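Here is a short report on one protein fold.

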Amino acid sequence: MFSFKYDDDVSLALPSPDKDSELLYALIESSRANLCQWLPWANQLHSAEDEKNFLQTTLSHFGTSNSLNCVIRYRNQPVGMISFNRINKEHRHAEIGYWLGDQWHHKNIMHRAVTALLTIGFTEYNLLASLSMLTLIMMQVIMLLKN
């Protein structure tokens with residue numbers, strides 16, 4: 001199974017639906033009030049089985065190279081997800097999406113996860129940096145400086 005170790009604390013891995021669905025659903029449930037402000041899907045998941053079905057779908061999309069959805073692991077514990085939601089092979093770009101459980105904020109996890117995903121995008125998917133991607137990176141840096 002694909003995994004990418006960024007440092008001793010943070011790694012990205014393809015989801016294992018049977019193993020990850022309950023833990024990720026519990027994170028979504030405990031963070032739902034915050035997540036649903038930004039992510040419409042947060043109110044559409046009602047069970048660990050819903051999450052398991054979603055994770056299985058992401059693996060089929062990975063198999064066709066249409067997207068890459070990874071579990072963010074912090075010290076080997078699932079703490080959220082990050083993805084290239086759509087990969088455009090022709091124009092060599094992708095859209096990034098991510099979420100992190102509320103209790104894992106302010107630990108510099110997401111910054112490292114985004115950096116890891118960008119590394120994968122540039123090295124494994126041959127993506128090109130774009131103005132929107134550079135804007136995202138700058139927004140991450142500004143958020144880190146504020147905290």
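S67 is buried, with a relative accessibility of 2%. Buried here means under 20% relative accessible area, exposed means over 50%, and partly exposed lies in between (1.4 Å probe, protein chains only). This is a predicted model, in which local features need pLDDT of at least 70 and side-chain atom pairs count only at pLDDT 80 or more, while totals for chains, interfaces and linings use all residues. Residues are numbered from 1 along each chain as its sequence is written, and side-chain values use heavy atoms, with hydrogens and water left out.

**Around S67**

S67 sits in the loop between α2 (48-63) and β3. Helices (H or I, at least four residues) and strands (E, at least two) are DSSP runs, numbered from the N terminus. The S67 side chain makes a polar contact with the side chain of N69, at 3.3 Å. A polar contact is a pair of N or O atoms within 3.5 Å; within protein, one must be able to donate a hydrogen and the other to accept it, and residues adjacent in sequence count only if both atoms are side-chain atoms. Setting aside residues up to four places away in sequence, S67 touches H61, F62, F84, N85 and I87. Contact means heavy atoms within 4.5 Å.

**The sheet**

Which strand order does the open sheet have? Its five strands run β1-β2-β3-β4-β5, with antiparallel pairing. β1 (3-5) and β5 stand at the edges with a single partner strand each, so one side of each has no neighbour in the sheet. The twist averages 20° from one strand to the next. Two strands count as paired if DSSP finds at least two bridges between them. Strands of a sheet pair through backbone hydrogen bonds, either parallel or antiparallel.

β3 and β4 run antiparallel and are joined by seven bridges. N69 has S83 in β4 as its bridge partner. R73 is bridged to P78 in β4. Eight bridges join β4 to β5, also an antiparallel pair. Here I87 stands opposite A94 in β5.

**Positive phi in the turns and loops**

β3 and β4 form a hairpin with two residues between them. R75 lies in that loop, between β3 (68-74) and β4 (77-88). R75 is exposed, at 55% relative accessible area. The hairpin of β4 and β5 has four residues between the strands, and R92 takes a positive phi there. N108 lies in the loop between β5 (93-100) and α3 (109-123). N108 is partly exposed, at 34%. The phi values are listed below.

| Residue | Phi |
|---|---|
| R75 | about 55° |
| R92 | near 60° |
| N108 | near 65° |

α3 lies across β1, β2 (10-13), β3, β4 and β5, and runs at about 35° to β4. For these angles, axes are lines fitted to C-alpha atoms, for helices over the stretch in contact, and angles run from 0 to 180 degrees between N-to-C directions.

α3 has 15 residues and reaches 21 Å from its first C-alpha to its last, close to the 21 Å expected at 1.5 Å a residue. The expected span is 1.5 Å times one less than the number of residues. Buried residues of α3 include I109, M110, A113, V114 and L117.

D18 is in helix α1. Is D18 buried or exposed? D18 is exposed, with a relative accessible area of 62%. Its side chain makes a polar contact with the side chain of K52, at 2.7 Å. D18 and L55 are 37 residues apart in sequence, yet 9.1 Å apart in space, C-alpha to C-alpha.

**The nonpolar core**

A nonpolar core is a set of buried Ala, Val, Leu, Ile, Met, Phe, Trp, Tyr and Cys residues joined through side-chain atoms within 4.5 Å. The largest has 35 residues, and L12, L68, I72, I82, W99 and I109 touch the most other members. β2, α1, β3, β4, β5 and α3 each supply at least two residues of this core. α3 gives the most, with eight residues.

Take I72. Leaving aside neighbours within four places in sequence, its contacts include L12, I82, W99, I109 and A113.
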